[in-house]
Amino acid sequence: MVAYVIRRMLAMIPSLLGIALITFTLMHLTKGGPFSSEHSNPAITARLMAAYHLDEPLWPNFAGAGAEVWRIAVLVLAVLAIAGGIFWRRRGVSSQWPGAILITTGGLLLFWSVLIFIEGPVTKAQASGFVPGQFFRFGWNLLHLDLGTSFSQVGRPVTDIIVSAAGNSFLLGFCAFLILVCLGMPLGILAAVRQNSWVDYLVSVISLVGYSIPNFVLGALLILVTVVWLPFLPTAHWGDPIDLVFPAFVLAIRPMAVLMRLTRASMLEVLN
């Protein structure tokens, strides 16, 4: 069991890196920037871009004297690694791991060469030699749980902003999980026991409505009912236990609809 958990945790690393890479790329493909506006001062914008390292190249690159030689060297290494991996795998030896490692390494180097080619020469970097780039810097800081400084709340680390709200988010998620389990499973069991009765039909309708209507639409409808028409639940307030009922229920309604259907189907399979 421990080995399985460790393998699953290790398998999450490339997935998270892939998500980070796709998100990073999409954010930089959009027009504009965090400090671009119609009345922005170019000098101030340049200083802000330098302070947040946004003037660096996106991907790891080379700058200064000898940069072209290093770029060609990376491409040559990629081709040699792929060729060596293919040659190793065609030798028919029992161990195929070295060949797979060489091909994977060569593919990564080739992908890096393509990124360098797309990015072009690094003209803004003041350094000479290897330039880490924004994505490499982001990954390195992420290993140290450093998400940088906020653009909107100047001078405040993003990690502090997340930590300050994590307690409330965890409490809300835990309450939504309790509602999900305490309502979804009993209703699914009751619908299976009373199959083809009005109870089963009512649970099916609740499940269908909860799964079909988005949370933000259902939340607005519940605000209209419980606050405007029949005011018995507070809204836009935080601090009392009753304040958790409304947002936790809205958060739990969609997974609760799925859990009701799954519990009903599993219960019917057992009963039959």
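How many helices and strands are there in the chain?

**Figure 1. The whole chain, as a starting point.** This is a predicted model, and the chain holds nine helices and two strands. Taken along the principal axes, the box filled by the C-alpha atoms is roughly 75 × 65 × 30 Å.

Figure 2. Of the 272 residues, 23% count as buried. Charged side chains are present in both kinds: 15 are positive and 11 are negative. The centres of these two sets lie 13 Å apart. As for contacts within the chain, take those with a separation of 6 or more: 70% of them come from residues 24 or more positions apart.

**Figure 3. The largest nonpolar core and its member Phe246.** This core has 13 residues, and Leu222 and Phe246 are the ones that touch the most other members. In soluble globular proteins, nonpolar side chains tend to be buried together. Zooming in on Phe246, and setting aside its neighbours within four places in sequence, you can find it in contact with Gly219, Leu222, Ile223, Thr226 and Leu233.

**Figure 4. Leu109 in helix α4.** Leu109 belongs to helix α4, which covers residues 97-119. If residues up to four places away in sequence are left out, Leu109 touches Val74, Leu77 and Ala78. Leu109 and Arg264 are 155 residues apart along the chain, and 52 Å separates their C-alpha atoms.

**Figure 5. Gln134 and the residues around it.** Is Gln134 buried or exposed? With a relative accessible area of 10%, under the 20% cut-off, Gln134 is buried. Its place is in helix α5, residues 133-143. Not counting residues up to four places away in sequence, Gln134 touches Phe24, His28, His53, Leu54, Glu56, Pro57 and Leu58. One of these, His53, is the subject of the next view.

**Figure 6. His53, a loop residue with a positive phi.** Where does His53 lie? You will find His53 in the loop between α2 (42-51) and β1 (61-63). Phi of His53 is near 60 degrees, which is a positive value in a residue other than glycine. His53 counts as partly exposed, at 31% relative accessibility. His53 is also among the residues touched by Gln134.

**Figure 7. Leu145, another loop residue with a positive phi.** Leu145 sits in the loop between α5 and α6. Its phi is near 55 degrees, again a positive value in a residue other than glycine. Is Leu145 buried or exposed? At 67% relative accessibility, Leu145 counts as exposed.

Conventions. Residues numbered from 1 in each chain as written. Predicted model: local features only at pLDDT ≥ 70, side-chain atom pairs only at ≥ 80, totals over all residues. Heavy atoms only, no water. Core = buried A, V, L, I, M, F, W, Y, C linked by side-chain atoms within 4.5 Å. Buried < 20%, exposed > 50% of the residue type's maximum accessible area, 1.4 Å probe, protein only. Contact = heavy atoms within 4.5 Å. Helix = DSSP H or I, 4+ residues; strand = E, 2+ residues; numbered from the N terminus. Lys, Arg positive; Asp, Glu negative; His and termini not counted. Charge placed at Lys NZ, Arg CZ, Asp CG, Glu CD.
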